[in-house]
Amino acid sequence: MIDLKELILSKDNLIPLLRKLKKDARLIAPIKNEYGDTLFSEIDDIDAMKIDLHNQPQASLKPFFLPQQETLAGYTVNNGEYSFTPPDKAQDTIFFGVRSCDLTALLYMDLIFSKPSKDATYYDRRNHSLIITLGCNQPFANCFCEATGSGPYLEYGYGLQFIDLGDRYFVSAGRGKGADLLKKWAYFFREVNEEDQKKRYQLFLEARGQFTRNIQVAHACQKLQEEAVPEEIWETLSRRCYDCGGCAYVCPTCTCYSIDDMAQGTNHGIRVRSWDACTSSGFTRMAGGHNPTDRSRYALKRRFLHKLKHDYAHHGKPSCTGCGRCVDICFGGVDITTFIDLLTTQKTT
Amino acid sequence: MNNNFIPSPAKICEIIHENEQISTFRLKLINTSIPFSFLPGQFLMLSVPHCGEAAISISSSPTALPIIDLSIRKAGTLTNAMHMMKAGNQVGIRGPYGNPFPMKNFVNRDLLFVAGGIGLAPLKSVIDYCLFHSNSVHDAAQSITLLYGSRSPSDIAFQSVTSNWQEQGVNCRLTVDEADTDWQGNVGLVTDLLPRHNVTDNTTALVCGPPVMIRFIIAQLSAMGCQDEAIFTTLERHMKCGVGTCGHCHLDGKMVCMDGPVFSLSQLKTMDVMELAQ
Amino acid sequence: MPDIMTICNYCGCGCGVYLRVEQNRVVGSYPSKNHPISRGNLCSKGWHLHEFIHSAERLTEPLLRKDGELRPVSWDEALDYTASALTETKEKFGTNAIGVLASAKCTNEENYLLQKLTRIGLGTNNIDHCARL
Amino acid sequence: MTNSIAELEGADVLLVTGSNTTETHPQIGRNIITAVDHGAKLIVIDPRKTDIAKEAHIHLALRPGTDIALINAMMRIILDENLADDLFISMRTENFIALRDYLHRLDLDELATITGINRTTIHEAACLYARSSKSVICYCLGVTQHTCGTDNVQAVANLAMLTGNVEKKHSGVDPLRGQNNVQGACDMAALPAVLSGYQNLADIDVRNRFLAVWGREVPKAPGLSLTEMTHAGINGTIKAMFIMGENPVLSDPHLNRVENTLKHLPFLAVSDIFLTETAKLAHVVFPAASFAEKSGTVTNSERRVQLCHQAIPPIRNCKPDSEIIMQLGRRLNCPGMDFDTEAEIMEEISLLTPIYGGMHYDRLAKNWGLQWPCWNRDHPGTKFLHKYYFARGKGCFTITEHQEPYENPEKKYPFTLVTGRGSYHHYHTATMTRKSRRLLREYPEALLEINKEDSDKLNLRDGETVELASRRGTVHIKTKITDRVQPGTVFSSFHFFEVPINLLTLDAMDPKSKCPELKICSVNLRKVKHD
């Protein structure tokens, strides 16, 4: 009897395996499209679409579990009667080629959306999902997952974890669905030998040495527990925040949202949940105009402290997963790494 | 799994016009088989057709169930639309959410309520609850005093309620910022009324109103010797979910909708809140 | 359905934006990383580009003023009425009594067609748009 | 723009004038900020302390409407300091001597007084700009929306030519285009005096070419400009109008006059996606498809022609504007109104428009479109203009003289009102942005920016409503006390129909560009007792 926790998949068998998986579920993987963008996309024709495992997917898995805009309920108003209908149900989905940082982010979202009771639409999608990750042998340009403890390989959380050993994948199974899958398609795999183990370990060590950015995340988290951030840091950063919301939208762990009604006619409409950004001034403004947040000075305070101070205090680790997506896109050049650099290089007064 | 965001329809049974800006909407759930209970200080997410939702604190006492009162001031789109509604119309509610006032702590205490404007709404729930239990040996408060400030005589809300309370032994002191010719009562801010009252070891203060008022009253109460643990307020923040996930009411590591909206001063002092800012 | 690439409808930067479509509704907009202008981010307007498309306030029927009020009519009626009103103006006051405003929000093809129509269909060079505003 | 947007990042000195770039052109702002972070120097000319001005190494907060005086002063200093690019001037330009002599007659102290900026600061800015060979100028409507707009633009061009900062990568003069297809609408000749690709309406060869393709003669006489059409009043020569996707009732200056003109038109047809303030005045309103419901091309600020793809079918009974125009055209017996696809229309455009000569859909689909001029199928497009020659041969220096704004503050109207876009979240008349709940939430109402010094004098609180009046009209608006504006100046956007700020603005026009002086007018403000 072979151990179903760890197996080897020859690269030749990848497409055949995915083809089987696709029979029972929607299959989503990073696809490089005609515009040169690598996006998680649904695979209709597995032979025609190019799965791209060499570039970082532009967006994380967040849009699939907490979409930019989703319908929470439909409503009707008839003769003063007001009623609501629940949204469509999720379908079984397998995600392939997910990076460690993005799965870590998903595990964080699981936590956020489990209290006080499980968020219905989020958990509906989550319960219908299986995540197959790909450990990172080579970090991307802006990555710093080592510093946030969310990569380059993972210990848990995945359905299956693939590690690229060159001509083959080292596959580890998580509990439940992942293990079942290996059992069902065992004939595609072979057992792990000592050579495979060694190579995996070697690659892991090498991967850790290849980060180009040295971001002092742990130091920053520690420092935030101990002392207040100097006002001038908030002001320097906030002056450069041009209110696009991009950092929050591309962030795999930014879960802030808004709920609004969208009328579709005089007597019906939909209640939608959509991404929101705590960096925007309307985020905290109350009806009547009063706003407890002074954006000109603290536009970024809430976001950075939430990630690095409060979540660290609550969960023992920051909710930044080091995916680096927010790094090059900030209009003012004031992303979370700028903050960490400012904070950790600043002399204590 | 229940969809956390689908409200239950409720009917507006009665609308009490409090003043030009504030009305109290008396609601009843359409489906009476839905179990519903709450404690003073908790709030609901109110849905008004096409307007979305807003967090509104319940102004009636749980002892008045199945009646649920929401006292609402015209402030934005939703509240203005609410004021256009008529008795018999339906709205949606979900909740209750948030931490209530620690009612058990109020037994045998001298309760001092300080409110400004619509801020009386959540405190009204507490006062009604206390009065309901005033004959019970185990649940009654020692005494109840209310200091209530309004901008002008025509802005005074809950007029019949306060006179009713007066009859039931509540020491009600009303004041207005600007008097008109008919006004016989106090003129000035609530902060002017407060020093005329005794604060003892047995005083528990409940404060609700505009942030500036809260700030000054809390400072005064502390100066008068009131303990941090015996001063309570309820914070108002923009909220979207009520269940601690949307992030809007995030306050220095806490969620006002889950960890509040009722906070004691000792809790507030550990947080960075504008109500205490200098 | 794969997301559709288009160009942002707001300012003159011209960001590459993907529109996310579900059941014939646009439910999201996000930047292209590879596009030379957007480079992985949009401004606040761009990130919310999809929100006005399905607004309940959209015009959905042709309207014709009857008894002082705009009332829904068929396309044929609206177009016939317009064509005859323009023809009548031309006959009565000459071609230069007609003025046309094109749009900096519409496509090149639409602007091209409109100035062509103005110049040879209506017979005037009275065409402009809000370039200066 | 003569440059590509991406080139800005490589510039050494950026001079931004009359542009609130980070708010109105966020991606261009992003390039400028990146350039600054990489060590480039930034000079901003703007009466307001905008977010981009806060990043400036030198912020020239001039008195509104004194751009020419400022640039003339800078040029004089450049001459005095021997920083002019003599080789460039002799090889590539003409009429330099006249400009030089004119500049030498100017008194620098007097110019400095006009602008309200001290001489040393102007000196510093002039030298900074002139000393670099990779200096780029970005300007926007803050330069053009003046009675002297054309001269302002010319002054900017003079400055660039004087220092040889044109014709190269990372260096040039870049007007930033406001709307997604302002550039394209101009290219397509939605203009009264040119044919597509800026071809001369009077040129007989051009006319013959159009006649051959269109099958009908193009009228000879140049047409009326937008302002001439919409401001003629009840007795104007225009008796019927067709307006596609514009809202002049809110966007144009001196609104009373626009509304009055349009209201009294015997016939007005409007095609739009929303019932705009303009559409409300129409006799016929066509429900147009939005950008997501049609395909076509648009041309951005850097002359890049890009494809837009249809995402969804037109909603309900809407139709794309192209369909509306062609159906109308056929009813008017206009020839050539039977295109099957957008690509087919572009083929005709390419045929008639040399700068679009190589713009075919199959090419545009790749590589994010093409930048004009693109003369033929093999041409790769043009990243920066004026590479080997100015469009008209040599660049011509033209003397520009300072002229006072049409209105100056005086006793009855002591403040200068500057208008523009007011936030990251709204766009023009906010017809679209207001329909987005989120964008509306971020900036829900019109605000009048006023300096604390002025608000103190008038005893105004932040958020208090004031009555704002000019010689033409009055609006009520909430104040926002800020140091973004200088004392004596107030600022407001024109996004909100509830506060139609253009009731106040001037329709006095630049005689050459016909661009109205929207940017400045004189106003008075008064506290309003309890609302």
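**View 1. Here chain D meets chain A.** In this contact, 14 residues of chain D face 12 residues of chain A; two residues are in contact if their C-beta atoms, placed from the backbone, lie within 7 Å. The model is predicted: local features need pLDDT of at least 70, side-chain atom pairs count only at pLDDT 80 or more, and totals for chains, interfaces and linings use all residues. To find your way, note that residues are numbered from 1 along each chain as its sequence is written, while chains are lettered from A and ligands numbered from 1 in the order in which they are written. On the chain D side, the elements that give two or more residues are α2 (26-37), α3 (51-54) and α19 (437-442). Helices (H or I, at least four residues) and strands (E, at least two) are DSSP runs, numbered from the N terminus. The largest share, 6 residues, belongs to α2(D). Sorted by class, this side of chain D holds 3 nonpolar, 3 polar and 8 charged residues. Ala, Val, Leu, Ile, Met, Phe, Trp, Tyr, Cys and Pro count as nonpolar, Asp, Glu, Lys and Arg as charged, and the others, Gly among them, as polar.

**View 2. Now look at the two domains of chain B.** Chain B splits into domain 1 (8-97) and domain 2 (103-234), with bounds that come from an automatic or database domain assignment. Taken over C-alpha atoms, their centres are 23 Å apart. Domain 1 of chain B brings 17 residues to the contact and domain 2 of chain B brings 16 residues. The domain 1 side that touches domain 2 in chain B has 6 nonpolar, 8 polar and 3 charged residues.

**View 3. Next comes the fold of chain C.** You can count 3 helices and 7 strands in chain C, and from the N terminus on they run β-β-β-α-β-β-α-β-α-β. Chain C is more spread out than a compact globule, because its radius of gyration is 19 Å, well over the 14 Å that the globule rule gives for 133 residues. The radius is taken over C-alpha atoms, and the rule is 2.2 Å times the number of residues to the power 0.38. Along the principal axes, the C-alpha atoms of chain C fill a box of roughly 55 × 30 × 25 Å.

**View 4. Finally, here are domains 2 and 3 of chain C.** The domain assignment gives chain C domain 1 (4-52), domain 2 (59-93) and domain 3 (95-133). Between domain 2 and domain 3 of chain C, the centres lie 19 Å apart, taken over C-alpha atoms. Their contact joins 4 residues of domain 2 of chain C to 4 residues of domain 3 of chain C.
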